[in-house]
Amino acid sequence: MTDLTSLRISYTRDALRRADLQDDPLAQFQGWFAEAQRAGLPEPYALSLATADASGRPGVRTVLLRGADERGLTFYTNFESHKGHDLSANPQAELLFYWAELERQVRAYGSITRVPDAEADDYFHVRPRDSQLAAHASDPQSAPIENREALEAKFAALHERFPEGQPVPRPEFWGGYRVTVQEWEFWQGRPNRMHDRFRYTRQDGGWKIERLMP
């Protein structure tokens with residue numbers, strides 16, 4: 001491997017000042033997210049989801065944001081997956097969005113609740129049909145499987161079980177989680193690692209905003 005100590009980028013694209021920030025962190029996030037979309041970033045809705053099990057062992061993986069409103073940040077997954085077991089034992093999580101092209105990061109920490117079944121049903125049935133079948137095929141998610149051929153066989157069997165034109169039911173083990181955000185952080189890269197960082201924390205029914213050291 002090459003010497004990684006010499007690899008670095010100086011962030012020069014933008015700055016973030018207190019005067020730039022919305023009073024409401026959700027509005028701030030929605031504004032930055034819209035900028036990422038307009039910039040044509042690939043999958044700006046992809047995020048790193050960090051969880052921990054009952055013993056404190058951490059886990060992190062990429063999932064897709066499927067809602068951001070006053071109720072919280074929403075994503076969908078298999079309840080029997082590694083992250084599902086973590087969230088059952090320890091219903092809190094941290095989310096990280098990294099938009100390298102904009103030299104920005106957003107962190108969001110909060111408690112987790114499940115999305116109501118009716119809402120999960122609605123989302124499941126707007127997914128592509130093969131994605132609906134794949135949700136059934138990946139059961140239990142994160143469990144070992146002998147080879148790719150076995151997985152493809154499960155997928156083919158589901159095509160036969162639910163032929164074209166027949167609705168695919170949402171499996172009971174699949175649904176949504178919503179993060180009620182208690183703390184946000186907005187990070188803008190700056191030259192010489194003198195980054196701009198602002199944290200929002202809940203206070204007296206509103207939000208306290210603080211600049212953080214880089």
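1. A UniProt position is given in the numbering used here, and an annotation of this kind may be inferred rather than shown by experiment. With that understood, the UniProt record lists residues 174-214 as "domain: Pyridoxine 5'-phosphate oxidase dimerisation C-terminal", in an unreviewed entry. The model discussed in this note is a predicted one. Over residues 174-214, the chain is 73% strand and 0% helix.

2. The overall architecture may be set out next. The protein contains five helices and nine strands. Read from the N terminus, its elements follow the order α-β-β-β-β-α-β-β-α-α-α-β-β-β. Along the principal axes, the C-alpha atoms fill a box of roughly 55 × 50 × 40 Å. The protein has 214 residues, of which 39% count as buried.

3. The segment before α1 (25-38) includes Leu 4. Together with Met 1 and Leu 7, Leu 4 forms a nonpolar patch on the surface, and the accessible area of the three residues is about 420 Å² in total. Leu 4 has a relative accessibility of 49% and therefore counts as partly exposed, since that class lies between the limits of 20% and 50%.

4. Helix α1 holds Phe 29. Is Phe 29 buried or exposed? Its relative accessible area is 1%, so Phe 29 is buried, the cut-off being under 20%. Phe 29 and Trp 184 are 155 residues apart along the chain, yet their C-alpha atoms are separated by 9.1 Å.

5. Asn 78 belongs to strand β4, which covers residues 72-78. Because its relative accessibility is 2%, Asn 78 counts as buried. Which backbone atoms does the side chain of Asn 78 reach? One is the backbone nitrogen of Glu 80, at 2.7 Å. Another is the backbone oxygen of Ser 138, at 3.1 Å.

6. Helix α5 comprises the 14 residues 148-161.

How values were computed:
Residues numbered from 1 in each chain as written. Predicted model: local features only at pLDDT ≥ 70, side-chain atom pairs only at ≥ 80, totals over all residues. Heavy atoms only, no water. Helix = DSSP H or I, 4+ residues; strand = E, 2+ residues; numbered from the N terminus. Patch = residues over 30% accessible without salt bridge, like charges linked within 9 Å, V, L, I, M, F, W, Y side chains within 5 Å. Areas by Shrake-Rupley, 256 points an atom, 1.4 Å probe, with all protein chains shown as cover. Salt bridge = Lys/Arg side-chain N within 4 Å of Asp/Glu carboxyl O. Buried < 20%, exposed > 50% of the residue type's maximum accessible area, 1.4 Å probe, protein only. Expected span 1.5 Å × (residues − 1). Polar contact = N/O pair within 3.5 Å; in protein donor to acceptor, adjacent residues only side chain to side chain.
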